[in-house]
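Please look at the sequence and the structure shown here, and keep both in view while you read. The paragraphs that follow lead you through the places where parts of this assembly meet.

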Amino acid sequence: MSLKFFICPLVLLVVLWRNIEDRDDSRHVGRRQWLSALGLAGAVTLAGCSGNDDGGGGGSDNSGSGEIELPDFPRFGVDDLYGPDAARTLARRAFEQSEYDYSFDGDAMVTPESDQVEIDIYHSAGQETSQLTADFIAQELGQNLGINVTVEAIDGTRFNNEYWTGEPQGGTDTVNGEEVTWENPTPQNPGPRSVTSNEAWDMSIVFGLNTYPLNPLTNEAFFDGANPFYNPVGYYPQFDAQGLFEEARQATSVEELRESFVEIFENLAYEQPYITLLFSDDIIGYNPELEGPIENFSNGWDFPAWYEGEPNVSGSYDTVTSARFTTLNPLFNTEDGAGDAIARALDQGYTFDENQDYFPLLYNMSTEDGEVWTFDVRESLQFSEPYGQVTAEDFVYLVRELHQADWAPTAASSSWDGVTVEQTGEFQFEATLESSNILWPKTYDPLLYPIPRDLVEPYVEEEDVEGLQQDEELLELQFTGNLGAYELTAWNRGSGTEYVRNDEYYLRDIDEGPDLFSEGPLFEEASISVVGEQASRLGALETGEADSAAIPPEQYESYDQDDSVTVRQVPTPYNTIISVNQRANGWNAGPGNLFQLVPFRQALAAAISKQDLIDGVYRGLASPHFTWQPRWSEFYPETDE
Amino acid sequence: MGFGRYVGARVLWAAVVSLIIVTVTFLLISASPNPAVQRAATQAALQGGDPATAAERARELRGLNEPLHVRYFDFVRSIYTLDWGWSVSRSQPVMEAVTQALYYTAQYSIPWTILTVILGPLVGVYSAANMYSWKDHAATGFAFFGYAIPNFFFGIVLLLIFGVWLEWIPITYNTDVAVFSVENAIQLAVPVFVLVTGSIGAVMRVSRNESAEFQNADFMKTAKAKGVSPLRAYAYHVMRPTLVPLSTTLVGQLLALFLGASLLVEVVFAIPGLGRLTYEALLAQDMSLVLGTTLFFTFVAVIGNLLEDLVFTVLDPRISFDDR
Amino acid sequence: MATEDSERFDQVDWSDFSRSGRFDLSINSIGMLLTTLPLVLLGVYDWQFTGQRTPTFEFIGLDRGLETIDFVFIFTLFLAFWYLALPLYQNPRMTRYYWKEFKRNRPAVVSLGWLGIVFVGGLVGPLAMSAPQQELLIAYQPPVFTSVVDTTPATCVGEVMNGRCYGTWQHPLGTTQGGKDVFTMIVYGMTISMQIAFITTTIVATIGISFGTLSAYAGGWIDEIMMRFVDIILSFPTFVMFLLILYIYGGGLGMFIVVFSLFAWGGTARYIRSKSLSVSEEEFIKASRISGASTYQVIRGHVVPNAASSIITNLTLLIPGFLLFEAQLAFLGIGDSTVPSWGQLISAGRSDLSFAPWIVLAPGIVLFLTILAFNFLGDALLDALNPEAEAENA
């Protein structure tokens, strides 16, 4: 063993030296790496330094594994781009690029000090699927890349506060040879890579991100250069992301948008800023008598038309959810679950129907050039007494004095940056964007709740944020008038919300939409119960105590066969990804940060079998994720199917 | 010392203890980062404002700028005047959150306490009277079973059997139901059953052991010789001295169980009580609520210990205050 | 007898006859030192000289590592052997008597047997079986002799008949949702339970005994102060405090053990104090004081051994509390999820209870039996070691 210590480095040195001389500079970057890797591996094998060459092709693998050619739209984790050979070849390319001497010692990946590389991966505590995925990833990386991965559970909020976000500091750094300044640092992108969060971490699957399939331009928040709004991992794009996004912004039709996005998505698939794993559908079990749920991204848009059994008003619609609601104050709420709870009693500006087309609820949006948008507010909307009718003034005041004000941290603040809003009539107002965006409604930015001006005016004058957050009328949704399908009768913080049918619902009198809207909603009562235990939620679904509940993938088949439950697969835009920390507090296995190198991220992607993960953890009920769009999106690069 | 002065001294001591615990809690919490400040920074950044100034303002608003001792005094004062702040994770005042949760906790913990206190000593004395017979073994076995089986395990199994398979009880707790109705009794039956079987074992065993000492004491033989009926002999002569050491363990046990068991039972049966309140507050890093519940439990524990001591001295005439 | 040389009782130099001088060591202590020394050396070696990732025993070629907690566990095992097990052997008459009393309680004997299995399993198991590995494709296998609807597992190791997948001896207790063998995990859980039991008990015992006996013996205002301190410790809402500490600062099994034992010794101290008080009132203590024994000699030689039986029973009854507590924390999701304890298994399997009940039932029943066993044991010890409580019925 001791002899190897002396001979191997010598051989390595010699081989490296020779390879450097042999390098052909005219080749593509990728090819050059491939050649030197081959030579290196071959010479090392000859000297007997490569550790155990066990059966299954240890030696032959080393020399044959260099054959990797990455297409324009590489699909890592399946077929040829999966396995120990592919992963190790890609990893070796990364080692070349790194200034530190990482290598493979037999099966294990070792640091320059010859310790095995050990990194950790965080997953959401208490979530089975998350834990199983993390365990699987650890196993795959161990087998295919020789990395020792430690699995850690962590609570989502804690991870967000201590690991994912950092104190915004700003700064400057060189990206692709150019100086980039972080002028507007955010907690999710506090500055260049040197600016980090409080705690060190290597990998995480705690958060999945939205891929914005309705309007992929929104993804500029993630990938528009190195200093966009949301970049917790510190990814510096090596392709001209800013240029391509700028091109996309100039697009005047959906066709042009689609074209410019093909190149963006190809690059994202190549560079793997986040290691993309899969898209899983939401599996929801419903009361079999329930009419209305569809297996569509916009499932639930026509909720007032849902009924049980016969299309007349009867019964109660009860759902169960796992997470409590922090607040029901529409101005400050940021949670999905609470958003659903608010939506029962208070409509927002618009929604999208089952064809993903704009459907106006409170106001109709129209534009000619994509830059100036006209909002036509319905005239039949009423707040509760004493606030009177809903007019354009309420919306304009809301945007100007709350969303655009410095002192008020409302949830929709960032949506109205740089937008000029002006009232142009009693029921009409206009919004002017900084640059044209034909798909502006699909970014959900112009979505507004109706809030009476008189209610918030006193707080605005005092700049009283706490008062606004704690105002009882806002919290208990007491001002909603005819603006919601139901009225909130009780919010019991520990156990959920209860509603009663709203006879005055404005949607009954509108022209658009399905016929049943004129009678909606078709339940006397509704409720949302907060139940922490998954077994209890499913039990409630089985016994009929709940009309819908989410079903975990491993139980899909048994519920599918169950007559008392109808199961539907609803697509979601959220993906499952591994976030790898490219900031200074990432890569805690040794010097440098291998995550910053594209080939290493590719190696990670190649080391994990997407299909095995889908079959094992998701029972086949998910699809592999290669680039930043789900397959059913109209912007998915179809040509590379 | 006299009884009055003794009680006075104990109460004073209880206040001191609560102050110490409050201090320790305060120190623990101030040592950890305050999420509200971070939130303020986030929001400011979202609007292109300067997060550093926003964080400063947030600190100012919450008085976190003040030196530690000023914050501490403010903190102590607000605690004892019952102004416990606003819970961010529930959007209501902390006092309101605690009282609401207490309302639900009381609905199952009061029947639980009553049943344990009544049934426990009875079963224990009965068991001691028939020591080592099959009755003793059966009673002991039952008590041990209840004590040993983890509450949460028992709870989920029973919920599965009676809720999902037999559908005799509702699976999710309905807060709408009137407190004294049959429906409420049904949905609370299983949680209370699980809790009682858990706590009765300890109580029963201690009372069995303690009363065993007295079964064979001389005064019992005297009573028997005198012709005192066995029932009166047990009830009056045995129970009274048994209650002395029993009360100490009783209060201690109940308190410990109250806190731990209640949280798990609430999680399993989805009851929005005090235990879950604490737990969720912790997860949400809602510091004012965490403080509020911790203090509540502290006060309960302190008062419980105080009661334990007082009961001990009242019941046992052998103890003179001068010795302590 | 020994008083031939002196004329008066108070002139006898007791240190000539008794071995309880301050620096005389009994066989037990010598043995303890002899075995602890290599352990400490190994520990230092592991800490300083081996890299963080290298297994401790690599120098002999074994791929096994020892964590800090394992070292502490082995230390407590040595303590238990030299100071509990060996004295039993050294005093055969007492041992025989205790055993006779103990045997009368049949459930307790069975419990002792079960605990013996758990103990041996915990020590030997991890050496004999390799750690459970995740294998998603064989998740949800049913235990042997039972079957489950065949849609539940992804693939079936046993045979499939009539749409049901049958269990095999390969996985006698089935597998979890991650495909780990439940039986192996339970055996590994035995180690964890034993570690918790031994280590927390040792810490609690040490602090509790010192506090309690000292306080009882010293009396006066020292006693007052010490008991007030115990009051404060007892008044801490332990569970909540623990949640708080663990949640804010994070922590694994070691943290749990340390923090929990720091809060749990209060009750023991109080109990021991009251027992020592009653022992201190005994005549023989006064006798030894009169004949010149120092405080330390009295406590160590007379008070502790006489209160020992109560101490032991009290401690035995604490252990199930610790195990239960750890399981509760695991259920809440606050415990260390990488540790394969029984609580973690129950917690992980609870959402699958309706269709894969063995994942919860197996560790649940094992946990239940262990806690039950400790309770029976403690109860029987109480009866056997405490003659005052003996009933005349038998």
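**Where the chains and domains meet**

In the contact between chain A and chain B, 41 residues of chain A touch 38 residues of chain B, where contact means heavy atoms within 4.5 Å. This is a predicted model, in which local features need pLDDT of at least 70 and side-chain atom pairs count only at pLDDT 80 or more, while totals for chains, interfaces and linings use all residues. Residues are numbered from 1 along each chain as its sequence is written, chains are lettered from A and ligands numbered from 1 in the order in which they are written, and side-chain values use heavy atoms, with hydrogens and water left out.

Chain A and chain B bury about 3,300 Å² between them, with 49% of it on carbon and sulfur atoms; buried area here is the accessible area (1.4 Å probe) that two parts lose on being put together, summed over both. On the side of chain A, the residues A:Arg324, A:Arg493 and A:Glu545 supply 16% of the area that this chain buries against chain B, more than any other three residues.

One of these residues, A:Arg324, also forms a salt bridge with B:Glu280, and the closest N and O atoms of the pair are 2.9 Å apart. A salt bridge is a side-chain nitrogen of Lys or Arg within 4 Å of a carboxyl oxygen of Asp or Glu, and by this rule the interface of chain A and chain B has 1 salt bridge. The same interface has 10 residue pairs in polar contact, both residues being at pLDDT 80 or more. A polar contact is a pair of N or O atoms within 3.5 Å; within protein, one must be able to donate a hydrogen and the other to accept it, and residues adjacent in sequence count only if both atoms are side-chain atoms.

The elements that give two or more residues to the side of chain A that touches chain B are helix H6 (156–164), helix H13 (465–470), strand E19 (486–492) and helix H15 (534–543) of chain A. Helices (H or I, at least four residues) and strands (E, at least two) are DSSP runs, numbered from the N terminus. The largest share, 5 residues, comes from H15(A).

Turn next to chain B and chain C, whose contact takes 50 residues from chain B and 49 residues from chain C. These two chains bury about 4,600 Å² between them, 74% of it on carbon and sulfur atoms, and B:Phe152, B:Phe153 and B:Leu282 supply 13% of the area that chain B buries against chain C, more than any other three residues. Across this interface the rule finds 0 salt bridges, and the count of residue pairs in polar contact is 1. Helix H1 of chain B gives the most to the side of chain B that touches chain C, with 9 residues.

Chain B is itself divided into domain 1 (3–87) and domain 2 (94–315), with bounds that come from an automatic or database domain assignment. The contact between them takes 22 residues from domain 1 of chain B and 22 residues from domain 2 of chain B. Together the two domains bury about 2,000 Å², 78% of it on carbon and sulfur atoms, and between them there are 0 salt bridges and 1 residue pair in polar contact. Here again H1(B) gives the most to the side of domain 1 that touches domain 2, with 12 residues.
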